[in-house]
Amino acid sequence: MTTLAVVRAVPRRFAPIWLVLAATVALVIWRDPAFAEPPGVLAFLKRGTPLVVLALGQLFVIVAGELDLSVGALITTCVVIAARVGAGDPHRTWPVVALLVAFGVLVGLVNGLVTTILRVPSFITTLGTTLVLDGAVFLWTGGSPTGALADNLRLAGRSGIDGVPVVGRLPYAVLIAAGATLAGYLLLNRTGFGHRVFATGGGTRTAWLSGVHVRRVRVTTFVLSALSAVGAAILLAGLTGLSADAGDGYEFQAIAAVVFGGAALGGGRGRVSAAIGGAVTLQVLFTLLNLLGFAKPLRDTVEGLTIVAAAAFTAYRLRRSR
């Protein structure tokens with residue numbers, strides 16, 4: 001096989017995101033050699049776990065041919081609810097978690113049912129949900145959230161297993177992200193539901209003629225996305241504490257991660273491993289920009305360019321494959 005043939009074969013065998021990740025990690029290590037040490041790697045992975053969990057939920061929605069822009073606002077709402085209702089009382093933690101899960105399911109159902117029954121485009125539906133949640137939080141808190149997050153609620157995001165050889169402390173967040181990744185992979189690739197998600201995104205009419213309950217599948221993906229936002233909120237509660245803008249920007253980061261990983265925005269195409277690679281790559285890229293002294297507005301610009309470039313490249317690969 002010639003060198004040119006090898007280069008052309010790489011995108012078919014491996015998601016290009018891994019090449020981008022390797023190059024970005026090399027640049028970060030060049031600027032900060034401590035990044036490559038086990039404690040540095042785990043600290044980085046710990047910071048990136050909310051986005052990893054969120055990207056998994058967004059992947060299901062995108063593969064099914066839709067978008068969920070409400071997850072960032074849902075994260076903020078969940079953090080505020082946890083602080084106000086929990087009031088720092090560790091005995092309220094499990095009831096608070098149950099409340100957050102129920103609220104996430106409700107938001108996912110509303111998004112899914114409005115999109116499928118009323119046939120409102122998911123972009124508009126979830127944008128509307130974002131505005132509703134943001135407005136409700138502002139009215140409830142007056143723009144300044146009060147309350148406190150219980151210590152045991154924050155354990156998932158900020159604590160870990162001590163005394164682990166080589167790394168010292170293994171964060172719970174990393175274990176949670178690994179478990180969520182495995183569960184997402186099995187659900188999307190090893191179950192009938194996952195096959196129906198791909199079929200729905202690949203062609204609604206064809207899926208319907210094949211016996212797939214398209215409406216039910218899409219509603220379920222919105223519920224999964226909302227639940228991933230609840231999980232990300234609990235992790236962020238441990239990492240950053242109570243904040244009025246805890247979830248700001250996460251909706252676009254999740255979409256960027258999934259698209260960067262090669263998922264087609266039109267649906268029917270996507271992989272869990274590549275989506276995780278996209279999430280990690282974005283985190284490494286933001287780390288690199290911080291090391292280089294760039295401000296957050298530039299990170300937002302890079303994020304927007306990333307979505308456009310990744311979507312264009314994915315469309316190009318789809319045309320080539322035909």
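Me: How do the axes of α7 and α8 cross, and within what distance do they come?

Reply: Two packed helices are described by the angle between their axes and the distance between the axes. In this predicted model, the axes of α7 and α8 cross at roughly 70°. They come within 6 Å. The two helices are therefore roughly perpendicular to each other.

Me: Which residues of α7 and α8 meet?

Reply: From α7, look at Leu155, Ala156 and Gly157. They meet Tyr172, Ala173 and Ile176 in α8. By type, the residues of this contact divide into five nonpolar, one polar and no charged.

Me: Which residues of α7 are buried?

Reply: Start with the general idea. An α-helix has 3.6 residues a turn, so residues three or four places apart point the same way. Now the case here. Helix α7 spans residues 151-158. Its buried residues are Leu153, Arg154, Ala156 and Gly157. They cover an arc of only 140° around the axis, which puts them on the same side of α7.

Me: What covers the buried residues of α7?

Reply: Several helices contribute. The cover includes α3 (38-63), α4 (71-86) and α5 (93-116). It also includes α8 (172-189) and α11 (214-240).

Me: Now the strands. How many bridges join β1 to β2?

Reply: Three bridges join them, and the strands run antiparallel. Strand β1 covers residues 160-164, and β2 covers residues 168-171.

Me: What do β1 and β2 form, and how many residues lie between them?

Reply: They form a hairpin, with three residues between the strands. In the turn, find Val166. Val166 has a positive phi of about 75°.

Technical notes: Residues numbered from 1 in each chain as written. Predicted model: local features only at pLDDT ≥ 70, side-chain atom pairs only at ≥ 80, totals over all residues. Heavy atoms only, no water. Buried < 20%, exposed > 50% of the residue type's maximum accessible area, 1.4 Å probe, protein only. Helix = DSSP H or I, 4+ residues; strand = E, 2+ residues; numbered from the N terminus. Arc of directions from axis to C-beta. Contact = heavy atoms within 4.5 Å. Pairing = 2+ DSSP bridges. Axes fitted to C-alpha atoms, helices over the stretch in contact; angles between N-to-C directions. Parallel < 35°, antiparallel > 145°, perpendicular 65-115°, else oblique. Nonpolar A, V, L, I, M, F, W, Y, C, P; charged D, E, K, R; others polar.
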